[in-house]
Amino acid sequence: MRISAKADYGIRVLLELAADTTAPVTCEAIASSQHIPYRFLKSIAQDLRQAGFVVSQRGCEGGYWLARDAGLITVADVIRAVDGQVLTVHGDPVGELTYAGSAQHLGSLWSGIAEQLDGLLRTTIAQLLAGPVGVRRTATGRRRSVAAAP
């Protein structure tokens, strides 16, 4: 899987806004603190606004702030808002794929990957802000996603 710069930056924008909810944050401040190209950031902020994650206000007291609680915005939500589907094969959603002959079971592999990925991407902005998120092995050797408690 490839995470686009747009998705990475979108998540970082929301983390910046969630870190300080006392006042709107300008694109200039976010671009500076996160080392994101300003013009690219403006485009991403527009996508986040259209998705309902942020609201904006113009003027000297203006900027961006979260439109909803950071605990209700998942990483998957952000990726979908800026890039579309999280996981596709040749541009098709995983659930719509069928294979014939010797490749008949390939669809189940892609579906399994999508399920594992979905578990990790359910991490919220609030969880990311609270601490490290990762994957740990269970006692049976299976992997499970672990997120800091909000």
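In the predicted model, helix α3 buries Leu 41, Ile 44, Ala 45, Asp 47 and Leu 48. These residues cover an arc of only 160° around the axis, which places them on the same side of α3. An α-helix has 3.6 residues a turn, so residues three or four places apart point the same way. The face of α3 that is turned away from this buried side carries the exposed residues Arg 39 and Gln 50.

The buried residues of α3 pack against several elements, namely the helices α1, α2 (27-34) and α4 (75-83) together with the strands β1 (54-57) and β2 (63-66). As for the geometry of the helix itself, the 13 residues of α3 should span 18 Å at 1.5 Å a residue, and the end C-alpha atoms are 19 Å apart, which agrees with that expectation. Just after α3, Gly 52 adopts a positive phi of about 85°.

Helix α3 (residues 38-50) also contributes Phe 40 to an aromatic pair, and the structure holds 1 such pair. A pair of aromatic rings is described by the distance of the centres and the angle of the planes. The ring centres of Tyr 9 and Phe 40 lie 5.5 Å apart with the planes at 75°, and because this angle is over 60 degrees the arrangement is classed as edge-to-face. The pair links distant parts of the chain, since Tyr 9 belongs to helix α1 (residues 5-19) and Phe 40 to α3, with the two residues 31 residues apart.

Key. Residues numbered from 1 in each chain as written. Predicted model: local features only at pLDDT ≥ 70, side-chain atom pairs only at ≥ 80, totals over all residues. Heavy atoms only, no water. Phe/Tyr/Trp six-rings, centres within 6.5 Å; stacked < 30°, edge-to-face > 60°. Helix = DSSP H or I, 4+ residues; strand = E, 2+ residues; numbered from the N terminus. Expected span 1.5 Å × (residues − 1). Buried < 20%, exposed > 50% of the residue type's maximum accessible area, 1.4 Å probe, protein only. Arc of directions from axis to C-beta. Contact = heavy atoms within 4.5 Å.
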